[in-house]
Amino acid sequence: MNRKVTRRQFLAFGGAALAGAALTGSRGFADVGPRALIPLPREGGQFVLPPLPYAFDELEPHLDTQTMQIHHGKHHAAYVKNLNEALAKEPTLGNQPLESLLGNLAAVSETIRATVRNHGGGHYNHALFWEVMRPGGSTLTGPLAAAITASFGSVEKFKEQFSRAAMTRFGSGWAWLVVTPSRTLAVASTPNQDNPLMTGVVEAIGTPILGLDVWEHAYYLKFQNRRADYIDAWWNVVHWDKVAELYQAALRL
Ligand SMILES: [Fe+2]
């Protein structure tokens, strides 16, 4: 089943040129193209917690060591564990890539669909989150900088829009920079552990290339209720070289 992009979905992309685009409905996993942009290691078919690409204390002083330890070693680990337990109940899913499962949740058995959405989403989102940070951050240059300027007016305006999306997400969720199906850039936000891969579930469909976790578990120890301070601090550790790499990969999908 195909359905045209609605006006609401169009607006969710910030007016990005979506004319002619269609969303994929429930047609089986084979219709969802591979989107393996980030490492999602498996051992014996089971997902395993990917190691952080830096030490727990290396994002200091912006993100604190204890939060990183708990966030990675407890929260992310729990998403992986719960996802594996759910998938074990549905062996017919085999070694389906996580991107395909999330891209077509309607094809996942109803008995485990919510768990795959919440914990599979949690696994994917955190795996991406660790990848797009690095100690000291890196500089935004090249084609991604040009594309951001073209889409949002300037890098500063993009940051303002992204930070606003992160600030105004009520409760728990994520802010995203997304490569849309028409290969434009858009800022979006999703609740809980949803993400833009979830066709048929979220409005802002596309390939996420930058994500910011705004669950309180991501910042409460250091920042308490000051989400705005956490967001400001986080910009200092964004690994723009990695985001640029993901941007190029997303354009090739
Ligand atoms: Fe998190």
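A: The expected span of a helix is 1.5 Å times one less than its number of residues. The model considered here is predicted, and its protein chain has 9 helices and 7 strands.

Q: How do you know that the length of helix 4 agrees with its number of residues?
A: With 22 residues, helix 4 should span 32 Å at 1.5 Å a residue; the C-alpha atoms at its ends are 31 Å apart, and therefore the two values agree.

Q: Why is helix 4 called largely enclosed?
A: A residue is buried if 20 or more other C-beta atoms lie within 10 Å of its own. Because 16 of the 22 residues of helix 4 are buried, the helix is largely enclosed by the rest of the structure. For the protein chain of 253 residues, 40% count as buried.

Q: Why is Gly120 called buried?
A: Gly120 lies in helix 4. The cut-off is 20 or more other C-beta atoms within 10 Å; Gly120 has 31, and therefore it is buried.

Q: Which residues does Gly120 touch, not counting those up to four places away in sequence?
A: Gly120 touches Leu83, Leu98, Leu101 and Leu102. For the protein chain, residues 24 or more positions apart account for 68% of the contacts with a separation of 6 or more.

Q: How do you know that the span of helix 2 agrees with expectation?
A: Helix 2 comprises residues 65–88, and its 24 residues should span 34 Å at 1.5 Å a residue; its end C-alpha atoms are 33 Å apart, so the values agree. Helix 2 also has a kink of about 30 degrees, centred on His71.

Q: Which residues of helix 2 are buried, and what covers them?
A: The buried residues of helix 2 are Thr67, Met68, His71, His76, Tyr79, Val80, Leu83, Ala86 and Leu87. Their cover includes strand 4 (46–47), helix 4 (110–131) and helix 7 (220–223).

Q: What describes the packing of helix 2 and helix 4?
A: Two packed helices are described by the angle between their axes and the distance between the axes. For helix 2 and helix 4, the angle is about 145 degrees and the axes are 8 Å apart. The crossing of helix 2 and helix 4 is left-handed. Among the residues that meet are His76, Tyr79 and Leu83 in helix 2, and Val116, His119 and Gly120 in helix 4.

Q: What makes strand 6 and strand 7 edge strands?
A: An open sheet is formed by 3 strands in the order 6-5-7, with antiparallel pairing. Strand 6 (185–191) and strand 7 (207–213) each have a single partner strand, so one side of each is left without a neighbour in the sheet. From one strand to the next, the twist averages 25 degrees.

Q: What joins strand 5 to strand 7?
A: Strand 5 (residues 173–179) and strand 7 run antiparallel and are joined by 6 bridges. Val179 stands opposite Thr207 in strand 7, and Leu177 has Leu210 of strand 7 as its bridge partner.

Q: Which elements of strand 5, strand 6 and strand 7 does helix 6 touch?
A: Helix 6 (residues 155–168) packs on the sheet and touches strand 5, strand 6 and strand 7; its direction makes about 10 degrees with that of strand 6.

Q: Why is strand 7 called largely enclosed?
A: In strand 7, 7 of the 7 residues are buried, so the strand is largely enclosed by the rest of the structure.

Q: Why is Ala175 called buried?
A: Ala175 belongs to strand 5. It has 25 other C-beta atoms within 10 Å, against a cut-off of 20 or more, and is therefore buried. Residues that Ala175 touches include Phe162, Ala165, Ala166, Ser189 and Leu212. Ala175 and Thr190 are 6.7 Å apart, C-alpha to C-alpha, and 15 residues apart in sequence.

Q: What describes the packing of helix 6 and helix 8?
A: Helix 6 packs with helix 8 (residues 227–234) at an angle of about 145 degrees, and their axes are 10 Å apart. Their crossing is right-handed. Ser163, Ala166 and Met167 of helix 6 make the contact with Arg227, Ala228 and Ile231 of helix 8.

Terms used:
Residues are numbered from 1 along each chain as its sequence is written. This is a predicted model: local features need pLDDT of at least 70, side-chain atom pairs count only at pLDDT 80 or more; totals for chains, interfaces and linings use all residues. Helices (H or I, at least four residues) and strands (E, at least two) are DSSP runs, numbered from the N terminus. The bend at a residue is the angle between axes fitted to the seven residues ending there and the seven starting there. A residue is buried if 20 or more other C-beta atoms lie within 10 Å of its own, exposed if 12 or fewer, and partly exposed in between; C-beta atoms are placed from the backbone. Two residues are in contact if their C-beta atoms, placed from the backbone, lie within 7 Å. Two strands pair if DSSP finds at least two bridges between them. Axes are lines fitted to C-alpha atoms, for helices over the stretch in contact, and angles run from 0 to 180 degrees between N-to-C directions. A crossing is left-handed if the near helix is turned anticlockwise from the far one by less than a right angle, and right-handed if clockwise.
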